[in-house]
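Please keep the structure in view while reading.

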Amino acid sequence: MSDKVFFAHGMESGPWGTKIVFMAEIARKLGFDVESPDYSETKNPDERVKKLLSLKPTAEGKLVLVGSSMGAWVSLEASQSIQPDGIFLLAPAVYIGEHYSQSAPTPHAKVIDLVHGWNDAAVPVENAIRYAREHQLRLHLLADGHRLVDQLSVVGTLFDSFLREIQSLG
């Protein structure tokens with residue numbers, strides 16, 4: 001039975017940026033298949049959700065959504081239909097403005113982790129704290145900015161632990 005991770009990149013990045021390449025290797029070492037669709041043809045978050053849903057993300061085993069910034073918002077919004085086993089959020093674009101049809105979609109998954117940088121200039125850390133509090137999520141705050149690349153090894157450790165927990169679900 002094959003487990004799968006679907007990545008959703010941020011507004012200005014691409015499907016195989018630094019974080020996704022790093023995290024995909026962690027997932028593969030744990031036996032997960034990896035998908036990272038290219039959403040760069042649109043900056044509209046709702047269009048990105050439609051694209052993700054059109055791909056019909058499924059897995060024979062466990063299904064995980066991973067998103068960064070706008071991609072985290074896309075993963076959250078899509079989780080309402082997909083209902084994955086886990087969602088791993090990096091600097092989620094929550095409570096930030098009129099470009100989003102919902103300011104903070106309700107997450108639907110068994111396990112959800114949120115990682116955010118204390119020095120995030122794009123999405124204030126207060127937004128992540130508020131979102132985590134409202135949904136009782138595990139929140140990991142790192143001494144980093146929006147891209148979370150200065151603490152990539154810590155992000156990797158958190159992601160590895162998260163995926164192992166997903167694999168242990170009954």
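H1 passes H5 in a right-handed crossing, a crossing being right-handed if the near helix is turned clockwise from the far one by less than a right angle, and left-handed if anticlockwise. The model is predicted, so local features need pLDDT of at least 70 and side-chain atom pairs count only at pLDDT 80 or more, while totals for chains, interfaces and linings use all residues. Residues are numbered from 1 along each chain as its sequence is written, and side-chain values use heavy atoms, with hydrogens and water left out. Helices (H or I, at least four residues) and strands (E, at least two) are DSSP runs numbered from the N terminus.

The axes of H1 and H5 (residues 152–168) come within 10 Å and cross at roughly 40°; axes are lines fitted to C-alpha atoms, for helices over the stretch in contact, and angles run from 0 to 180 degrees between N-to-C directions. H1 and H5 are therefore oblique to each other, given that angles under 35 degrees count as roughly parallel, over 145 as roughly antiparallel, 65 to 115 as roughly perpendicular and the rest as oblique. In H1, the residues in contact (heavy atoms within 4.5 Å) include Phe-22, Met-23 and Ile-26, and their partners in H5 include Val-155, Phe-159 and Leu-163.

On a 1 Å grid over the protein atoms alone, a cavity is a set of points where a 1.4 Å probe fits but cannot get out, and a pocket is an open set with protein on both sides within 12 Å along at least five of seven lines; lining residues have an atom within 4 Å of a point. Grid points are joined across faces, edges and corners, and a volume is the space filled by probe spheres set on the points.

The whole structure has one cavity of 30 Å³ or more, and the largest cavity has a volume of about 40 Å³. Strand E1 (3–8), helix H1 (18–29) and strand E3 (63–68) each supply at least two residues of its lining. Lys-19, Ile-20 and Met-23 are among the lining residues, as are Phe-7, Val-66 and Leu-90.

The largest pocket holds about 470 Å³ of space. Of its 23 lining residues, Gly-10, Met-11, Glu-12, Ser-69 and His-146 lie nearest its centre. H1 gives the largest share of this lining, three residues.
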